[in-house]
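Work through the exercises below with the sequence and the coordinates at hand. Each task is followed by a solution in steps.

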Amino acid sequence: MTRYAMSQQLTRLIPLARERAVKGAELVASGKVRKLAGPLWAVLGNGDTYIVNLAAGSCDCPDGKAPHDASGAKFCKHYCAVVLAAGE
């Protein structure tokens with residue numbers, strides 16, 4: 001992903017995910033995001049690897065289990081990283 005494309009994605013994510021979007025971009029830039037099979041992605045966190053299901057909009061990290069907005073959406077840094085890496 002080019003820097004321009006990532007900046008466009010960040011512009012869209014920041015109002016929703018705030019600092020988690022920036023942390024997600026750091027994970028992508030440091031090569032910690034890997035595509036698995038189908039909608040599944042692996043993201044290396046702080047000593048742990050978390051599985052993100054892009055189709056379900058979920059991550060198995062502790063932060064990914066708590067809603068972050070009034071609609072119940074979950075935007076942990078791992079999910080944001082996958083959205084950026086996948087170009088969604």
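**Exercise 1.** In this predicted model, state the order and pairing of the strands in the sheet, and find which strands stand at the edges.

Solution. Step 1: the open sheet consists of 4 strands in the order 1-2-3-4, and the pairing is antiparallel. Step 2: strand 1 (33-35) and strand 4 (58-59) each have a single partner strand, so one side of each is left without a neighbour in the sheet; these two stand at the edges.

**Exercise 2.** How many bridges join strand 3 to strand 4, and which residue stands opposite Val52?

Solution. Step 1: strand 3 (residues 49-53) and strand 4 run antiparallel and are joined by 2 bridges. Step 2: the residue opposite Val52 is Cys59, in strand 4.

**Exercise 3.** Which strands does helix 3 lie across, and at what angle does this helix run to strand 2?

Solution. Helix 3 (residues 77-86) lies across strand 1, strand 2, strand 3 and strand 4. Its direction is at about 120° to strand 2.

**Exercise 4.** Classify Leu40 and Lys23 by accessibility, and place each in its element.

Solution. Step 1: Leu40 lies in strand 2 (residues 40-44). Because its relative accessibility is 30%, Leu40 counts as partly exposed. Step 2: Lys23 belongs to helix 2 (residues 19-29). Lys23 counts as partly exposed because its relative accessibility is 43%.

**Exercise 5.** What separates Lys23 from Cys76, in sequence and in space?

Solution. The two are 53 residues apart in sequence. From C-alpha to C-alpha, Lys23 and Cys76 are 9.2 Å apart in space.

Methods
Residues are numbered from 1 along each chain as its sequence is written. This is a predicted model: local features need pLDDT of at least 70, side-chain atom pairs count only at pLDDT 80 or more; totals for chains, interfaces and linings use all residues. Side-chain values use heavy atoms; hydrogens and water are left out. Buried means under 20% relative accessible area, exposed over 50%, partly exposed in between (1.4 Å probe, protein chains only). Two strands pair if DSSP finds at least two bridges between them. Contact means heavy atoms within 4.5 Å. Axes are lines fitted to C-alpha atoms, for helices over the stretch in contact, and angles run from 0 to 180 degrees between N-to-C directions.
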